[in-house]
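Keep the sequence and the 3D view open side by side.

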Amino acid sequence: MALTLYVDTVRWRAHHKHVQEQFPGLVPVCKGNGYGFGHERLAEEATRLGSDVLAVGTTYEAARIKDYFGGDLLVLTPYRRGEEPVPLPDRVVRSVSSVDGVYGLVGARVVIEVMSSMKRHGISEQDLPQLHSAIENVRLEGFAIHLPLDRTDGSDAVEEVIGWMDRLRAARLPLHTMFVSHLKADELARLQQQFPQTRFRARIGTRLWLGDHDATEYRGAVLDVTRVAKGDRFGYRQQKAASDGFLVVVAGGTSHGVGLEAPKALHGVMPRAKGVARAGLATVNRNLSPFVWGGKQRWFAEPPHMQVSILFVPADAPEPTVGDELVAHLRHTTTQFDRIVDR
C-alpha cells in the first residue's frame with residue numbers, strides 16, 4: 001500500500017519532444033527532488049532526449065547525478081569562495097555571479113550569470129571591465145540570464161536580454177553562448193534572429209517535466225476504514241467526530257510532503273478570499289486534504305501523520321474500502337512518492 005505517482009509515459013515523453021522542438025538547444029533542469037520524479041529518472045529522460053547538458057541546482061546534486069548522466073552538468077547555484085569542496089569531474093560547469101568568483105575558479109569551466117530584473121544574483125554592468133582579465137584563467141562556456149516569471153510593469157523580456165547583449169558586446173566580451181531562463185519560444189526565436197552569431201540555450205525544468213498536467217497523477221492507497229458515530233473520540237488528540245461517517249487511513253503523510261505546501265503568490269480578490277477562509281478554518285482544526293473521494297476533496301480528520309493521513313468521509317458519501325486509491329492533488333516539487341508506475 002503506497003503513495004504512487006502514475007505516469008502516462010507515452011504522453012509525458014511526447015510533451016518533452018514538443019518542448020524540445022520549440023526550444024532548440026534546450027538544457028533540461030533537474031534540481032531539488034527532481035520535480036517529483038527523482039534525479040535518476042530525469043537523468044534517464046534527458047539522455048533519451050539526446051541532451052548534451054543537464055542543469056542541476058547544487059554541487060551536491062551534481063555529485064549524486066554524475067553517475068546517471070554522461071554529458072555535461074551545469075550547476076545553477078553560483079560559486080562562492082570558501083564553499084565546501086565537492087569532488088566533481090571536469091564535465092561539471094560552474095555558474096559564477098561575481099568577478100571574485102571567476103578569479104576563484106582558475107582552470108574551471110564557467111558560465112557567468114548577469115544581474116537581471118530578478119535582482120537575485122549576477123554580474124553588474126559596472127563589473128564588466130574587470131572581467132577581461134578574470135576570464136583569461138577560466139574556460140568560459142558562456143553567459144547566462146535568469147528572468148522573472150511575471151512582468152507586472154509591462155516590460156519586455158526580450159528587450160532585457162538585448163540590453164545585456166549590447167552591454168557585453170560593448171565590453172568586447174565573448175558572446176558565443178547565452179543561457180536563458182523563462183522565455184517563450186517566440187521570444188527565443190526573436191533573439192536568435194537578432195544575434196545569429198550567438199547560440200541561445202533555454203534552461204527549462206517546470207515547463208518540460210510538468211507542463212502536461214494530465215500526464216501524471218498521484219494516488220494514495222486506502223489502508224484502513226473505521227466507521228464512527230457523532231461524538232466518538234479518535235486520533236492522537238482524541239477529538240470528537242462532528243458527525244457520523246468514516247475515518248479513512250490513506251498512504252501519504254508528512255514524509256511524502258502531504259500537508260507541507262510551498263507558499264503561493266495570490267492574484268485577485270477571489271483567491272485571496274479563499275486563502276483567508278482556509279486560514280480561518282485551520283484555526284479550528286479544519287484543514288482540507290489533497291485527497292479526493294466521491295468527487296470531492298476530503299477534510300483531514302487530524303493533522304497528517306508521518307506516513308499516512310487520516311481523512312473524515314461523511315456517512316452520505318460512498319464508503320471506501322481497503323485497497324481503493326484516492327487521487328491526491330499534490331505539488332510535484334514538494335512530494336516524495338513511494339513508487340512510480342509507468343502506464
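Which residues does Ile-112 touch, leaving out those up to four places away in sequence? In this predicted model, Ile-112 touches Val-96, Val-102, Ile-123, Leu-131, Ile-135, Leu-140, Gly-142, Phe-143 and Ala-144.

Ile-112 belongs to the largest nonpolar core, which has 90 residues. Phe-37, Ile-112, Leu-131, Phe-143 and Phe-200 touch the most other members of that core. Helix H6, residues 157-170, gives the most to this core: seven residues.

Now the whole chain. The protein has nine helices and 18 strands. Of its 343 residues, 46% are buried. Among contacts between residues at least 6 apart in sequence, 67% join residues at least 24 apart. The C-alpha atoms fill a box of roughly 75 × 45 × 40 Å along the principal axes.

The axes of H1 and H2 come within 11 Å and cross at roughly 60°. That angle makes H1 oblique to H2. The crossing is right-handed. The table gives each side of the contact.

| Helix | Residue range | Residues in the contact |
|---|---|---|
| H1 | residues 9-22 | Thr-9, Trp-12, Arg-13, His-16 |
| H2 | residues 39-48 | Arg-41, Leu-42, Glu-44, Glu-45, Arg-48 |

By type, the residues of the contact of H1 with H2 are two nonpolar, two polar and five charged.

Technical notes. Residues numbered from 1 in each chain as written. Predicted model: local features only at pLDDT ≥ 70, side-chain atom pairs only at ≥ 80, totals over all residues. Heavy atoms only, no water. Core = buried A, V, L, I, M, F, W, Y, C linked by side-chain atoms within 4.5 Å. Buried < 20%, exposed > 50% of the residue type's maximum accessible area, 1.4 Å probe, protein only. Helix = DSSP H or I, 4+ residues; strand = E, 2+ residues; numbered from the N terminus. Contact = heavy atoms within 4.5 Å. Axes fitted to C-alpha atoms, helices over the stretch in contact; angles between N-to-C directions. Parallel < 35°, antiparallel > 145°, perpendicular 65-115°, else oblique. Left-handed = near helix turned anticlockwise from the far one by under 90°. Nonpolar A, V, L, I, M, F, W, Y, C, P; charged D, E, K, R; others polar.
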